[in-house]
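Here's a quick walk through the model you're about to look at. Keep the 3D view open and click along as you read.

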Amino acid sequence: MFLSVCIVDDMEAISSLEMYVVDRNAEWLGVPRLVLMENAGAAVARNVVGRFPGARRVLVVCGTGDNGGDGYVAARHLHGAGLWVRVVGLGEPREELARANFEAVRRLWGVELALAATPLELLALQDWFLWADVIIDAVLGTGVRGALREPHATAVDLMNAAPAPKVAVDVPSGLDPDTGEVRDKAVRAALTVTFHKPKRGLLAEGARRYVGELVVEPIGIPPEAEVVVGPGDFAYLDFSRRADAKKGDHGRVLVVGGSLEYSGAPMYVALAALRSGVDLAVIAAPEPAAQAAKAYSPDIIAVPLEGPRLSLRHVEKVLRLAEKFDVVAIGPGLGLEGETPDAVKEIAARVKKPLVVDADAIKALGGSPVGGPQVVYTPHAGEFKALTGVEPPRGLRERAEAVREWAGRIGAVILLKGRYDVASDGRRVKINTTGTPAMTVGGTGDVLTGLTAAFMTKTRDPLEAAAVAAFVNGLAGEEAAAQLGFHITASDLIEKIPSVVRRYAREDITSPRP
Ligand SMILES: NC(=O)C1=CN([C@@H]2O[C@H](COP(=O)(O)OP(=O)(O)OC[C@H]3O[C@@H](n4cnc5c(N)ncnc54)[C@H](O)[C@@H]3O)[C@@H](O)[C@H]2O)[C@@H](O)CC1
Ligand SMILES: Nc1ncnc2c1ncn2[C@@H]1O[C@H](COP(=O)(O)OP(=O)(O)O)[C@@H](O)[C@H]1O
Ligand SMILES: [K+]
C-alpha cells in the first residue's frame, strides 16, 4: 500500500483541536467514532485493573459529553471483569455516542447508576465517593470550556476529598487540555489515561500534580488520519456570519490573470471564489480578458489593464487595487510573453496581501520564488519542477517529503496537485484523496485556485485553506462526474461547490452582542 505514509512521529503532543480533526478524519476514513470510544473506555478499564489489582469497588463519575461516554464504556468493562461498579452521571448525555453507552449501562441491573444534576443530589451520594477503592474521573475531557459550572465543580471537590486514587479519562477534569492551566480547580489524579497522543496541556509545567502518571493509549486511529484532508479540517475555517454583516465582511478576492489568448482562466477563479462564499471577486486583466469577463457574467467585476498582456506599466495600478482586497490570486491565463514574467515578479515581491500563486505566475517566479507566511503555491507536477527545479517523486511518501522540504525552503505553502494532492507548510503535511480522472479537463486547477483564495479569507492557516480547497474541489469533481462521467467541464465543478461546502461547514448566523 503506497499510502503507508507515516510522516509524523507518534509521540508529539497535540492540541484538542488537532485531536478533534484527527478524530473526525479517522471517521471519514471509515473508523466509526463509537469504535474509538469503545477502545478508549476499554483502555481505561485495562489500566485500572492493571494499576490497582487489589481494587474491588470502583466509582465512575461521568459528565454529559463524550468524556462521560468513555466513562460509561469503562464502567461496563470493569463490571464485566467482576468488579463492583457504581456510576454517577452528572446529567443524561445528549450526544449520540455517550448516550448509547449511557443506555447500555442503565440497562445493566448489576451496575448501580445514579443521576445527579445538582450539587445537592451529588452530596446525597457522598458515601459512594468514600466507598470506592478507585474513582474514575470521566467528567470533562478536551471539551472543557471556561470555569467549572455545577455540578461539575462539586464533583471535582468530592473526588479530590475522597481518599481513593483517581484515574482521569483523557484529561483530569478542570485542566485545560491545551495550556495545562487550572482556572479554579481540577481533579488530582494518580493516573491519567489519555488517547492517541498526549494533549499538550498534560505535559505543561505544573500539570503533573493533576495528571499524575500519564499513559498514552492507542484507540485505533490509523496514521493516515493524521495527514488525510477530511471533514475535520473544516474546523479551521470560519463560515459564520453576523446578522448585521456588511458587504466585504466575508472576503474580497482579487484575481490577477488573463491575456489576449486566455480569458476563461481568471473567470473560473473568480466564479469559484464567489461560489465558495466570498462577497467580492474582482479580476484585474488585460483588456481583452476583462471585456470577456464583463460580457460573460454580471457576478464578476473586471478592471481592464490596457494592452494584450500584463506588463510592468500595470504594476502600480495592481498594487493599489490589491490594497482593497483580503487575498490576491495571480497567474491563471497570464501567459509568459513580453514583460509579463517581470510584472509578476514585481507584484509578488511587493504585494502586502495573502497570495495564491498559480499557473504561469509559478513559472514566472520559478528561479526566485517569493516566500511568506500567507503565500500559497498551487503547482501541478510540471509547475512544481519550474518552481523547484526538481521533478516531484512518484511515490506518495517521497512526494510528501519533497513538498514539505521545498515548502520549508521557500517559506510558503505548496499544494502539489495530482491524483493525490499533497500540501505542506514546511512542517505539517496534508494529503487530499478526493477527485477523479475526469478532472484533467482544463480549468479545474483554476477552480482550485478560486477555492484556495476564498478559504484564505476564512482562516489564518493557509495550509488548511489550501487543503480544504483541494478536498472540496475533488468532491465537486466527483459529484459532477457522477452525473456526466468524463464529460465534465470546470463550470460543472463550480456548480457543485455550494452543496459540498454546506455538507461540512458550519454556516451559523451569530447575533451580535447588543
Ligand atoms: N476526539 C477523539 O478522538 C475521541 C474523544 N473521546 C472522548 O471525548 C472527549 C471529548 O468529548 P466532548 O467534546 O464531548 O467534550 P467533553 O466530554 O470533554 O465535555 C463536553 C461536555 O462538558 C460540558 N462542559 C464543558 N465545559 C464545562 C464546564 N466548564 N463546566 C461544566 N460543564 C462543561 C459540555 O456542556 C459538554 O456536555 C475526549 O476528552 C475523550 O475523552 C473518546 O471517545 C475517544 C475519541
Ligand atoms: N488523476 C486525477 N485524479 C483525481 N484528481 C485529479 C487528477 N488529476 C487532477 N486532479 C485534480 O484536478 C485538479 C486540477 O489539477 P491539475 O489538472 O493538475 O491542475 P491544472 O488544471 O492547473 O492543470 C486538482 O484538484 C487535482 O486534485
Ligand atoms: K476527565
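The second largest pocket holds about 750 Å³ of space. It's lined by 32 residues, and Arg241, Leu274, Ser276, Gly277 and Lys458 sit closest to its centre. Bear in mind that this is a predicted model.

**More on the second largest pocket**

- Which of them gives the most to the lining? That's helix 10, with seven residues.
- Sorted by class, the lining of the second largest pocket comes out at 11 nonpolar, nine polar and 12 charged residues.

**The largest pocket**

- The largest pocket has about 1,100 Å³ of space.
- Its lining is made of 35 residues, with Gly65, Asp66, Asn67, Thr142 and Gly143 nearest the centre.
- Helix 1 (16-28), helix 2 (33-51) and helix 3 (66-80) each put at least two residues into the lining of the largest pocket.
- Helix 1 gives the most here, with six residues.
- By class, you'll find 15 nonpolar, nine polar and 11 charged residues in the lining of the largest pocket.

**Around ligand 1**

- There are 24 residues around ligand 1, and the ones that come nearest are Thr64, Asn67, Asp70, Gly141 and Asp170.
- Asn67 is one to click on: it's in that nearest group for ligand 1, and it's also among the residues nearest the centre of the largest pocket.
- Threonine 142 has a backbone N or O atom 2.9 Å from an oxygen atom of ligand 1.
- For glycine 143, a polar backbone atom is 2.9 Å from an oxygen atom of ligand 1.
- Threonine 142 and glycine 143 also turn up among the residues nearest the centre of the largest pocket.
- Which kind of ligand 1 atom faces the backbone of glycine 146? Here it's a nitrogen atom, 3.3 Å from a polar backbone atom of glycine 146.

**Around ligand 2**

- Ligand 2 has 14 residues around it, and His380, Lys417, Asp421, Gly445 and Asn473 come nearest.
- Aspartate 421 uses its side chain: a polar atom there lies 2.6 Å from an oxygen atom of ligand 2.
- Glycine 445 works from the backbone, with a polar atom 2.9 Å from an oxygen atom of ligand 2.
- Glycine 418 has a backbone N or O atom 3.3 Å from an oxygen atom of ligand 2.

- One open sheet has seven strands in the order 3-2-1-4-5-6-7, with parallel pairing.
- At its edges are strand 3 (112-115) and strand 7 (213-217), and each of these pairs on one side only.
- From one strand to the next, the twist in this sheet averages 20 degrees.
- Strand 5 and strand 6 are joined over three bridges in the parallel sense.
- Who stands opposite valine 167? Look across to strand 6 and you'll see leucine 191.

- Another open sheet has nine strands, in the order 11-10-9-12-13-14-15-16-17, and its pairing is mixed.
- Strand 11 (301-305) and strand 17 (429-432) are the edge strands, each pairing on one side only.
- The twist here averages 15 degrees from one strand to the next.
- Within this sheet, strand 13 (residues 355-357) and strand 14 (residues 375-377) pair in the parallel sense, over three bridges.
- Leucine 355 has valine 375 in strand 14 as its bridge partner.

- Is the peptide bond from glutamate 150 to proline 151 cis or trans? It's cis, with omega near 0 degrees.
- You'll find proline 151 in the loop between strand 4 (134-138) and helix 7 (152-161).
- Aspartate 170 has a positive phi of about 70 degrees, although it isn't a glycine.
- That aspartate 170 is in the loop between strand 5 (166-169) and strand 6 (191-195).

Key:
Residues are numbered from 1 along each chain as its sequence is written. Chains are lettered from A and ligands numbered from 1 in the order in which they are written. This is a predicted model: local features need pLDDT of at least 70, side-chain atom pairs count only at pLDDT 80 or more; totals for chains, interfaces and linings use all residues. Side-chain values use heavy atoms; hydrogens and water are left out. On a 1 Å grid over the protein atoms alone, a cavity is a set of points where a 1.4 Å probe fits but cannot get out, and a pocket is an open set with protein on both sides within 12 Å along at least five of seven lines; lining residues have an atom within 4 Å of a point. Grid points are joined across faces, edges and corners, and a volume is the space filled by probe spheres set on the points. Helices (H or I, at least four residues) and strands (E, at least two) are DSSP runs, numbered from the N terminus. Ala, Val, Leu, Ile, Met, Phe, Trp, Tyr, Cys and Pro count as nonpolar, Asp, Glu, Lys and Arg as charged, and the others, Gly among them, as polar. Two strands pair if DSSP finds at least two bridges between them. Axes are lines fitted to C-alpha atoms, for helices over the stretch in contact, and angles run from 0 to 180 degrees between N-to-C directions. A residue is near a molecule or strand if one of its heavy atoms lies within 4 Å of it. A polar contact is a pair of N or O atoms within 3.5 Å; within protein, one must be able to donate a hydrogen and the other to accept it, and residues adjacent in sequence count only if both atoms are side-chain atoms.
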